[in-house]
Amino acid sequence: MKSSKLIILVTSLLVILQSACNGGQKTEIPSVMDNQPGVLNIMTHDSFAVSENLITDFEKENNVEINFLLSGDTGAALNRAILTKESPQADVFFGVDNTFLSRALDEEIFEPYNSPMLVNIDNSLRLDLENYALPVDFGDVCINFDKAYFEENQLSIPSSLSDLLLPEYEGLLVVENPATSSPGLAFMLATIAEFGEEGYLDFWSDLKANGVVVVNDWESAYYSNFSASAGKGNQPMVVSYGSSPPAEVIFSETPLDDAPTASIIAPNTCFRQIEFVGILKGTQQRELAEKFVDFLLDVPFQEDLPLQMFVFPANQKAKLPPEFEKFAQIPDQPAKLDLDLIAQNREKWIQDWTLVVLR
Amino acid sequence: MNQRLKYIRMAPAILLWSLPFAFLLVFYFQPLLANFRMAWQATTSEVLASISLKVITQPLFFTIWQAILSTLLTIIVGFPPAYLLAKYRFVGKSFIRLLTTIPFIMPTVVVAAGFNALLGPKGWFNLLLQTFFSLDKPPIQIINTLGAILLAHVFYNSTVFIRVVGGAWSQLDPKIEFAARTLGASPLRVWQKITFPLLKPALLSAILLIFLFNFTSFAVILLLGGPKFSTLEVEIYIQALHMLNLPVAGLLSAIQLLFTLVLTILYTRLIKTKTITLTPRDPEEVAKPIKGWKQRSFLVGTMSYLIILFVAPLFSLVLRSFLLTDFSRNLDGSTGNRFSLVYYQELFLNRRESLFYVPPIDAILNSLYFGLITVGIALFLGFLAANVISSRSRWGKLLDPILMLPLGTSAVSLGLGFILVFNTPPLDVRSFPLLVPIAHSLVAMPFVVRILQPVIASVPRGLKYSAMVLGASPWRTFWQVEFPILFRAIISAALFAFTISLGEFGATTFLARPEQPTIPIAIYRYLSQPGGLNYGQAMAMSTILMIVCALSIILIERLKLPNIKEF
Amino acid sequence: MLSVKNLHKEYENQPLLRGVSFDVHQGETICLLGRSGSGKSTILRIIAGIEVPDSGDVYCDNQNLKDIPVHKRKFGFMFQDYALFPHKNVFENIAFGLKMQNLPVDLVDEKVNSVLTKVNMQEFRHRRVADLSGGEQQRVALARALAPEPRLLMLDEPLGALDRNLREQLMDELRLLLHESNIPAIYVTHDQEEAFTIGDRLALLNEGIIIQNASPEDVYKTPKNAWVAKFIGLSNLLEGVIQSTQPLIVKTRIGDFSINTKLPQNAKLGDSIMLLLRPDALSMTDSNLNQFQAQVLDDIFLGNQWRVKLRMSDLEFSFLVDEPISIGSIIKISIDPNQINLLQDEK
C-alpha cells in the first residue's frame, strides 16, 4: 500500500515539475509594445545549434517568438519540407546541403530572396545564383588521422586519394556507407571528382582490396573504429570533418596543447558540404523571415557557428575562434561536383558503389 | 421499444469498446494511408521501370532469415531464466528479472558502444583472450557480422520471453503437473501433454512479439550489422530519407506490412478457439527454494551466462562514464585512466550556452512524463481491446490481427505519415505534445493486449456470474473479481509500456518539440559530435537512463494489491 | 501393503515431521487426521514421491520406494482443489492415466465408461471441465485417480471445498466406493466427522508424530491424550492428581473423583493426570459417588438428544441428556465413574 501511495505522490510531483520546467527553454518576451509578438517557425535538422543569447536578442529586437522544428537528419528534414510544401509547417528552412540542393530547387519549396548580406559571402559558395537558397556555412568532409599513431609507426601522411591504396595503409582507413551517411556520401563524391565517373569504381575496388573498413554511420566510424577518439578503435584514419580536430581539443576532458588528430587536405581529398537557408514558399511572415535570413548571414551568428555546429562561416568577415585558427585546416582545393550531376546520378552511383564495395 | 432501450443502455459500453478501433483508425491507419497515397502519387512509370525485383527480394529474404534466427536464439537463451524465475525462489531473483529488462530501453547507439567496448577488436574480451593465449590478432571478430546482429537481438528481446512466458509459467498450478505425474506421466510427457499446451498462449504471444521486433529492427542492423546487411526497414530508411525516393520506400513499406498481416493472421489461427480457464496461482506459492546440487548448478549456470550477456555490456558503459582517459601519454606510451565525475558534472553545464542544451533533469522528467502517459493510454486502450478480443465476437476477430500491425510497420513510414496528417493546429506537433506518447502507445498497446488477453480469457466465467448474482454491479465485479486476478498481468504490461516509451527514439525525433527532449534524444546529440567530453557525457546520460529505468521498474514491481493478500 | 517408517522433515528450518510411522493394509482406508499445517499433505507428497523426506523410508510391498520416480509408483492421488486438466474435457481427464499406460483405444474407452458409471457421471463425458460444479469436478477427480487401477489411493482433503450437504452426501458415496474397489487408501482430513465416517482406522497426527493409531471406535472410547480428546470433540477435560490407586481416586480443583476405568500404565500415586468426563457421564440419580453442584448454562437441541452446558465451579462442561434442564437452575449432579477416561500426558 505504501508503494501505491508513493507512486501517486511521485506522479503528481512529476506532473508539477514537468509543467514548471517546461517553461525553461522558451524565452519570454516582455510586451514592451502593445502589439502581439509575431511567430516565426524555423524548420531545420537535429544538428542545429546556436547560442541562446543570440536568439533571445533577435527575438527582442524584432518582437518575434522563434520556434524551431528539429526534424531528424538532413534527409528527413528535407523530406518533411517537401512533403508539406502545399501547407508549409514553417517559414524558413535551414539545412539543405549541396548534395540535396538540386532536389530542393526542383521541388520548388523556396521563395527567392536577395539578401543584402550576400555581399559578404564567399562567392564560391553561392551555388544558386537566383538566391532561392542562400549559403550559410560549409564544412569539409576530410580524412582525419591519428597523429600519435602515425608518429609511432613512422607513417607519412597520404598526399592524395591514390596514396590510400599503398600497402603501408592497408586496413587503416574506415569510411561510411554513402547510402546511409552524409559524410560517407561526400567522400564518395570526392572520389568521383578525383577519378571521374569511369575510374572511381576501380579506385574503390582497389581500396577494398587494401582492407578499407566500411560502417554505416559516422558515430560508429568515429567512436567505434577511430583510434584517436574516446572509443579507441583500430583504424587511425577516418572520414570525418575538417572541424573534428578542433572539436577534439575543445571537448577534451583535460586541457590539450595540441590536437590529437589532423585532416588530410591534399587536393581533391576533401569534399565541401555547403549548407543553405531558404524562405519557404507560402510563408505568411515574409518580412520576419527575411530578417532571420539576414541574421543567419550576419557576423554575430556566423561567428557563433564554429563552436555550436562545428562548421565554417560563409561570411568572409566572420572571425574564427582560436582553436579553429590553430587546429582546423581548410583545404585549398576541395573536391566539387556539379549540382545537377549529383542530383541525376546519385542513386546510380550509390548502387554501383554498393555492388563493388559491399557485395 | 425494448430493443431500442437495450441499445440506448448499451451505448456507453459500445462507445467504450470501440475506442481502441478509433485510436488505431486516427493514429495509425490515417497516417499510414496518407504515406501510401503520397508514395503512389509520386510513382511514375520511370520509377516503376527502375525498380528491379532484387531490390525487394534480397532485403525481404534477409529480413525474414535474421528474424527467424534471432527469435530462435532468443527462445533458447530465454528459456532457462523463464523457468528459473517461475519455479524457484532464490537470492538475486528480482535482480535478474530487472537486469534482463534494462536492455529493452537502451538506445542502440549506446548498446553498440557497449558491445564494442566488450567485443570490439580492442574490447575487453579480446584483450583478455589475447593476453591469456598470447595471440597476435584479436580472436573475436563479431562486430559487423551476422553474429553481432543476432547477439544484439537476443540482448534486447530476451526480457520479452522471460517476462511473458515466465510470468505465465509462474502462475501455473504445479498440482496439475503433479497430478499428471501420479497418473503415470514421465517428466517429458508431463511437458508434452500438460505444461506445453497450457503455456502455448504465452509462448505464441512472446514469439510473435519478438519476431515482429526482430523483423522491423533497424538500428541494430544499421550499427552493429554494418553495411553488408540490409533489411526492409533499413532499405525503407535509405530510400525515404537519403534517396528521397518515396515510391520505392512506399512499396517496401507495403510489402513489410503485408507480411506482418499474414503473420498476425496466422498467429490468431494458431491460438485456438478453445479458451482455457485457469485459476492463476499466486507466484509466491508456486516458487520453491533451490535444493540439491543439480538445481544449484542449473541456477549458477543460468545466472553466469545471463550476467555475461547482460551485465557485461551495460557495465562497460557505466564504467566508461566514470573513467577519465588522459590523453597525455606516459613514458611507456600507455594512457592513464582514472576515476572521475567530470562527465556527470559536465552534463549540468551549458558551456556554449547553446539554445538546445538539454539539462539532464529536464530530459529525465520529460522521459518519465511521456512514459507515464504512454502507460495510461496503452493500458486503458489495451485493456479494452483485450476484452473485445476475449469476447470472441466478430469485432474481436477483426481487431486481433490489425492491432499488432503497428509493431510490424516501418517507423519511418509511420513518421512520415504523421507529418503528412498532423501538420495543422490543434493537432500538430507544436500544439499537441501528446503526439509523442501516442506514437509510443502504438507500439506499447499490442504488448499490453498480448499480455492481458490470455489472462482475461482465463477468468472463470462462474466467478463473474456469481458476483453479479450476488448483486455486484459490473464495475464492482471488475474491481473485486477480475482485477485481482489480472493484477500481475497489468503490472507486467505497464512495465513494458513504460520501458518501450523510455527507450523510444525513432518516432520521438520526428514528433518531439525541442523544448521537450527525452533522454535518448539527449544521448544522440552528444554522440553526434567528436570529443572526449561528448562521448563521456553520452555514457553518463546512458547510465542515468539505466538508473531511472531500474528505479521505475523496482517501484512498479513493488506495487501490491491494496487489500487482497491472496486472490 | 504400505509401510511408512520414521519420516523426518523440516520446513523452513522448523521440524515438521518428527518420526512419523504407520502402515496401510490391503483393503483398508486409513484416515490421517490432524490440524491444518500439521504436515498431513507433506506426508502424502512424500509417499507419492513428489517430496523427499530428510530421513525415513517408505516401503510398498516391502520394496523401498526411495529411487522410484513419481510416475512409476502407481499411486492414485486426489487433490483438494481437484487439479483437473483445464485443457481437456471430462473423458480426456479420466483417460489420461490409461493413456500413459499405452492401453489400446477401445480398452481405454471401456475403462473410462466403467469408472464414470461408478461415480454417476456418465452424461458428463464430453463436458468441459470449466463448466462443472464443485461436486461434479470432485467426482471427475476421483474417477481420474481410480481409472488406472492404482495400488494405493491418496486423498488430500477431497471434500474440503464443498458445502455441508454435498459433503455429507459425497462422504457416504466415497465410503461405499472405497470399500467396493478394495484399494487401500490414505484419506487426509482435519474434519473429525469425515474421518469417523470414512476411516477404517484413524492415525492422529500432532506435533510431527502419530499420537494414536486405532479404529474410530477405539479412539472415541479411549483417546490417548488430551489433544486427541479435544480433537475428536471430547472437551470435558480436567487436571488432577492421583490421590489413591485402590480405590482409584483423583483430586481435582472442583473436587474428588472416584474412577472405575483403567489407569494408564506408567501412572502412579501422586502423579498429575488428565481426566476426561465423557458426554454420557451425567447422571441425575442420587448416587453417592462424584456428586457436584452445577449451574445450567445452556441447552442445545441436537435432534435425538440435548447437549447441556454446565458450570461447575469456574469450569464449563458439556453432556448429552435426553431432556433439557432449565437454564440457570442450580442442580445436583453425579458423574458416572465408568464414564471417566484417564488420559496420558501429552508429551
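1. A word on pairing before we start: two strands count as paired if DSSP finds at least two bridges between them. With that in hand, look at Arg307(C), which stands opposite Leu320(C) in E18(C). Please keep in mind throughout that this is a predicted model.

2. Strand E17, residues 306-312 of chain C, is joined to E18(C) by seven bridges, and the two run antiparallel. In general, strands of a sheet pair through backbone hydrogen bonds, either parallel or antiparallel.

3. E15(C) pairs with strand E19 (residues 330-335) of chain C in the antiparallel sense, over two bridges, and here Leu282(C) stands opposite Ile335(C). E19(C) also pairs with strand E16 (residues 291-301) of chain C, again antiparallel, over five bridges. Within that pairing, Gln295(C) has Ile330(C) in E19(C) as its bridge partner.

4. Now to chain A as a whole. You will find 12 helices and 11 strands in chain A. Its radius of gyration is 23 Å, close to the 21 Å that the globule rule gives for 359 residues, so chain A is as compact as a globular protein of that length. The C-alpha trace of chain A spans about 70 × 65 × 40 Å along its principal axes. Of the 359 residues in chain A, 49% are buried. Among contacts in chain A with a separation of 6 or more, 76% are between residues 24 or more positions apart.

5. Chain A is divided into two domains, and each is made of two stretches of sequence: domain 1 covers 35-138 + 274-320, and domain 2 covers 140-272 + 326-357. Their C-alpha centres lie 28 Å apart. Where they meet, 13 residues of domain 1 of chain A are in contact with 11 residues of domain 2 of chain A. Helix H4 (residues 98-106) of chain A gives the largest share of the domain 1 side, five residues. By class, that domain 1 side divides into eight nonpolar residues, four polar and one charged.

6. Next, chain B. Its secondary structure comes to 24 helices and four strands. Buried residues make up 50% of the 567 residues in chain B. Residues 24 or more positions apart account for 79% of the chain B contacts with a separation of 6 or more.

7. How do chains A and B meet? The contact takes 70 residues from chain A and 62 residues from chain B. Several elements of chain A each supply at least two residues to the side that touches chain B, including helix H2 (52-62), strand E2 (64-70) and helix H7 (218-225). The largest share of that side, nine residues, comes from H1(A). By class, the chain A side has 27 nonpolar, 31 polar and 12 charged residues.

8. Are its residues mostly buried or exposed? H7(A) is mostly covered, with eight of its eight residues buried. Among them are Trp218(A), Glu219(A), Tyr222(A), Tyr223(A) and Asn225(A).

9. Chain C also touches chain B. This contact takes 18 residues from chain C and 20 residues from chain B. On the chain C side, the elements that give two or more residues are strand E6 (75-78) and helix H2 (90-100) of chain C. The class make-up of the chain C side is 13 nonpolar, five polar and no charged residues.

10. The largest nonpolar core has 370 residues, and the members that touch the most others are Val92(A), Val448(B) and Ala497(B). Helix H16 (residues 360-390) of chain B gives the most to this core, with 19 residues.

Notes: Residues numbered from 1 in each chain as written. Chains lettered and ligands numbered in written order. Predicted model: local features only at pLDDT ≥ 70, side-chain atom pairs only at ≥ 80, totals over all residues. Core = buried A, V, L, I, M, F, W, Y, C linked by C-beta atoms within 7 Å. Buried ≥ 20, exposed ≤ 12 C-beta atoms within 10 Å, placed from the backbone. Contact = placed C-beta atoms within 7 Å. Nonpolar A, V, L, I, M, F, W, Y, C, P; charged D, E, K, R; others polar. Domains from an automatic or database assignment. Rg over C-alpha atoms; globule rule 2.2 N^0.38 Å.
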